[in-house]
Amino acid sequence: MAVIVNSKPQEIKPGECLINTINRSGALIPQVCHHPQLGPIQTCDTCMVEVDGKLVRACGTAAMDGMQVETKSPRAQAAQREAFDHILGNHLLYCTVCDNNNGDCTIHNTAVHLEIEHQDTPFQSKPYEVDSSNPFYRYDPQQCILCGRCVEACQNLQVNETLSIRWEDPQPRVLWDGGALIGNSSCVSCGHCVTVCPCNALMEKSMLGHTGYFTGMPVHALKGMIDIVKGVESEIGFSSIMQLSEVEAYMRESQIQRNKTVCTYCGVGCSFDIWTKDRHILKVEPLDGPANGVSTCIKGKFGWDYVNSPDRLTKPLIREQDRFREASWDEALNLVARRFSEIKTAHGPDALAFISSSKCTNEESYLMQKLARAVIGTNNMDNCSRYCQAPATTGLFRTVGYGGDSGSISDIEQAGLVLIIGSNTAESHPVLATRVKRAHKLRGQKLIVSDLREHEMARRADIFLHPRPGTDLVWLSAVTRYIFENGLAKRGFIDQWVGNEEAYRKSLDPFTLEMASERCGLPQETLIQVARMIAEAGSVCILWAMGVTQHVMGSDTSTAISNLLLATGNYMRPGTGAYPLRGHNNVQGASDHGSMPNYFPGYQKVDDPAIRAKFEKAWNVALPAQPGLDNHMMIDAIHDGRLKSMYVIGEEMSLVDSNAGYVAAALEKLDFFVMQEIFFSQTCRFADVILPGSPSLEKEGTFTSTERRIQRLYQVMEPLEGSRPDWRIVIDIANRLGAKWTYKHTSEIYEEIASLTPLMAGVTYERLEGYKSLQWPVAPDGSDQPLLYTEQFNTPSGKAQFFPLMWTEPSNQPDDVYDLHLNNGRLLEHFHEGNMTYRTEGIREKVPCTFIEVSPELASERGIEAGTWLQLTSPFGEVKAQALITKRVAGKELYMPMNSSEEPVNLLTSSCTDKVTHTPAYKETSVRLTVLNRKSESPLPRTDPRFGHPTPQTGVEVERKWARSDYHPPGNGLVQIETRTAVRAGQEK
Ligand code: SF4
Ligand code: SF4
Ligand code: SF4
Ligand code: FES
């Protein structure tokens with residue numbers, strides 16, 4: 001299959017647009033509105049080519065075998081120039097003083113490519129002001145060429161559906177919520193629109209006035225310069241002015257650095273370039289990240305001010321009674337080494353415990369567990385996956401063998417049906433959620449959501465299930481039983497690939513539809529509908545998160561999910577599988593690299609003599625044989641007097657661990673507590689020594705995202721003076737304890753990891769260079785597995801196993817005293833307690849504090865209004881916050897996000913845990929509500945996007961532009977060969 005481009009054959013890919021074929025051929029054609037990740041938009045008309053003698057838009061035409069394409073015929077070129085001339089009527093060229101003149105401006109580059117000397121269509125000013133009401137970006141209608149890329153990105157990639165263009169207006173412009181100020185709209189500040197804008201109409205505020213040599217001038221001076229240039233332009237032509245601006249753009253390169261990094265917030269694993277000028281972050285530019293393409297959320301795109309916060313720790317601190325004093329690095333490190341040695345000598349190595357940070361790199365987690373095991377001699381080692389994802393890992397280990405997502409985000413996108421359980425995906429994993437929203441909107445993917453809250457994904461779902469708290473296992477098992485009993489199970493798949501069916505099916509006996517309906521509060525008909533949809537969908541992915549795992553049945557419910565996937569044959573194929581969504585950016589990697597009490601890196605068991613012997617030989621030490629304490633057990637061990645000392649990197653334990661008061665009381669009892677942090681966190685209050693570490697932008701290393709994707713991050717800026725990269729600090733401590741580690745660069749650490757860890761055997765920094773990535777397991781030859789289980793399951797027999805389950809009641813159910821159920825979790829804008837995100841002013845402006853979501857019915861019953869101060873009391877503590885009345889919650893169920901250090905929700909949560917993994921049952925909390933007599937405004941400002949009114953539409957709807965009476969396609973005789981919808985359908989296949 002090939003087309004002939006300018007007399008040369010060019011192979012075509014099935015369903016692709018002609019523009020992509022032409023671009024691969026090397027023929028250069030203008031293409032202003034086209035963006036490879038957005039598909040055909042067809043607003044600019046600059047990509048005109050002749051196909052078999054007819055003029056067509058290359059971006060709106062499907063490539064067909066045998067097409068004769070002319071990109072440089074006189075007709076094509078005349079049409080291209082005419083179309084671009086119309087664009088210049090909407091855009092004033094003042095490149096030399098434009099912050100977007102950085103070599104990548106589409107308008108500038110197209111003007112140069114077409115060798116434009118003069119424009120026929122005069123620039124026509126639009127009667128609209130610049131809109132700067134969003135804290136992070138501004139829109140300048142004067143410069144907007146109405147290409148619609150931003151609309152397409154917002155409607156169909158981010159699927160926030162805020163942007164539109166009302167083509168029928170006399171002078172159209174981009175509209176937010178149909179005409180609101182940006183700051184008052186539903187815009188969630190994801191930045192997609194700014195990223196894809198081909199010119200300076202949408203720009204990051206952090207770029208303005210900072211990028212060019214002349215762009216920082218006062219507005220009136222800039223305007224004067226523009227007027228002078230425009231005055232001479234008609235005489236001297238564009239090209240000489242363009243040359244000047246190109247020289248200036250070239251000069252900018254010497255002062256602007258661009259470095260690739262990986263987002264440090266959630267587990268989606270977005271990667272992007274960060275532009276900096278010294279320590280000033282000009283912008284975050286997603287290019288073509290393997291997980292995210294051009295996508296970001298508010299945190300990844302705009303949430304980096306914390307790096308330059310004046311609150312950063314830059315000196316080690318040592319406690320003296322109830323105060324801290326600054327100390328030199330030598331003094332602090334010597335003290336740490338001395339006290340660790342003394343405690344080890346006095347009480348044994350198991351009197352010490354270590355917690356690595358899920359925000360740190362793989363290399364840092366590896367070194368931390370090596371310090372614990374090889375230098376101190378204890379397996380008391382953990383990371384915060386204990387707080388969230390350990391139950392999911394257990395469920396997968398029990399059934400299919402690998403404790404990670406079965407496939408990639410692209411599998412989720414191509415699934416026939418996505419089932420989301422206990423995950424507020426649009427807020428907790430925003431970019432991953434966009435792929436589901438997009439497939440659901442454009443491709444008819446089916447979506448079922450089970451959650452206590454009617455959050456965005458629930459609102460979009462074809463079926464929204466609201467089971468009683470903690471009962472997901474029941475309805476999942478009932479649905480699976482129904483599937484078996486009605487001949488809907490995938491018999492051939494089970495016979496070939498799944499063991500232990502009989503015992504499992506027997507365990508399903510109690511889970512009748514009647515029982516599930518009664519216990520979960522869900523209609524039987526709905527459960528049957530769910531069962532049939534799952535069984536009949538061609539491919540199913542199930543996504544889950546802490547709404548499942550943070551229960552006493554967390555491991556078992558995760559197992560029930562995997563059982564259901566096995567029963568319906570939804571493993572081993574693209575578009576299928578189990579997706580526990582990892583919370584922190586590197587919580588997967590911290591576990592993968594051995595920060596666990598029972599595993600060396602790569603889930604190699606510490607109590608396996610052969611494995612231990614391998615590590616003993618490599619590290620030249622004797623290693624402890626018994627699994628150590630996990631971080632839940634550590635707290636009990638401190639209270640019991642068995643644990644005397646802890647070394648914690650970047651974990652806000654005193655707020656994020658459940659039953660925070662009990663945790664704080666434990667930390668107070670420690671003989672010697674070392675915290676490594678970038679800010680003086682709440683947990684630092686309990687420390688004896690505080691060591692200033694570095695955030696991700698100041699170091700090299702690798703992160704592993706939820707889809708098991710290992711990616712490199714490059715140093716964007718030097719460590720802030722006085723702070724040190726965490727891996728260097730761990731080395732400093734180890735060597736003071738006699739370790740003699742000689743790592744000079746993080747790549748050397750990874751070489752050692754790969755040599756000892758079959759799961760990562762083929763991982764090298766070279767194979768991860770730039771935007772390259774690997775999804776474990778990685779074989780020695782570097783081949784990886786984006787989709788797991790394509791040949792067999794990861795068990796000794798190669799078969800998966802059904803795992804029989806029983807049901808037990810959730811803990812802490814509401815009673816007469818504590819009569820309301822309290823749910824808790826994340827928010828889009830803040831990461832956890834907000835230690836990093838509150839330091840971005842724009843985020844603070846949108847979400848200044850925590851709040852308590854109250855249902856309208858409960859509000860009316862208790863006389864609560866928006867902003868009313870409430871006190872919540874549980875058996876473990878109390879917190880105060882303002883009410884937000886919303887239909888997202890129903891009846892007697894409350895929700896409180898975790899974004900507060902002052903009133904942390906975990907003062908209310910209990911010490912009950914999942915039985916297998918000790919993950920706290922955060923989601924099983926009952927409280928009593930007291931209405932305080934303090935009334936105030938709503939805790940969220942009216943500028944919060946939750947109050948906006950989106951305007952969903954199918955995209956930019958260019959057909960409405962073409963219907964305008966003043967629209968004339970360039971180059972008389974345009975033929976619309978394919979409609980945009982047809983081309984897109986081809987692309988989506
Ligand atoms: S939500 Fe806001 S920032 Fe994101 S694409 Fe839409 S308008 Fe742009
Ligand atoms: S603001 Fe939107 S429509 Fe205007 S030029 Fe930028 S991407 Fe195109
Ligand atoms: S979705 Fe997650 S990884 Fe991506 S930008 Fe947002 S916080 Fe960062
Ligand atoms: S690139 Fe704009 S119409 Fe084709």
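Mentor: Let us begin with Glu161, Lys437, Lys441, Glu456 and Arg460, which salt bridges link into a network. The model is a predicted one, in which local features need pLDDT of at least 70 and side-chain atom pairs count only at pLDDT 80 or more, while totals for chains, interfaces and linings use all residues. Residues are numbered from 1 along each chain as its sequence is written, chains are lettered from A and ligands numbered from 1 in the order written, and side-chain values use heavy atoms, with hydrogens and water left out.

Trainee: Why is the contact of Asp556 with Arg398 called a salt bridge?

Mentor: The term requires a side-chain nitrogen of Lys or Arg within 4 Å of a carboxyl oxygen of Asp or Glu. For Asp556 and Arg398 the closest N and O atoms are 2.8 Å apart, so the pair qualifies. It is one of 49 salt bridges in the structure.

Trainee: What makes this a link between distant parts of the chain?

Mentor: Asp556 belongs to helix H22 (residues 554-567) and Arg398 to helix H11 (residues 390-399), and 158 residues separate them. Helices here are DSSP runs of H or I with at least four residues, and strands are runs of E with at least two, numbered from the N terminus.

Trainee: Are Asp556 and Arg398 buried or exposed?

Mentor: Both are buried, that is, under 20% relative accessible area; exposed means over 50%, and partly exposed lies in between (1.4 Å probe, protein chains only). Glu707 and Arg709 are also both buried, and they form a salt bridge at 2.7 Å, N to O.

Trainee: What makes a group of residues a nonpolar core?

Mentor: Its members are buried Ala, Val, Leu, Ile, Met, Phe, Trp, Tyr and Cys residues joined through side-chain atoms within 4.5 Å. The largest such core has 121 residues, and Phe354, Leu371 and Tyr647 are among those with the most contacts inside it. Helix H16 (residues 472-485) gives the most to this core, with 9 residues. A second, separate core of 53 residues includes Leu93 and Tyr137.

Trainee: Which residues does Leu371 touch?

Mentor: Neighbours within four places in sequence aside, its contacts (heavy atoms within 4.5 Å) include Phe354, Tyr647, Val730 and Trp741.

Trainee: Why are S2 and S4 called edge strands?

Mentor: Strand S2 (8-11) and strand S4 (54-57) each pair on one side only. Two strands pair if DSSP finds at least two bridges between them. The open sheet has 5 strands in the order S2-S1-S5-S3-S4, with mixed pairing. Strand S3 (residues 48-51) and S4 run antiparallel and share 4 bridges, so they meet that requirement. Val49 has Val56 in S4 as its bridge partner.

Trainee: How do you know that both faces of strand S27 (residues 689-692) are covered?

Mentor: Val689 and Leu691 on one side, and Ile690 and Pro692 on the other, are all buried. Strand S26 (residues 672-677) pairs with S27 in the parallel sense over 4 bridges, and Val674 stands opposite Val689.
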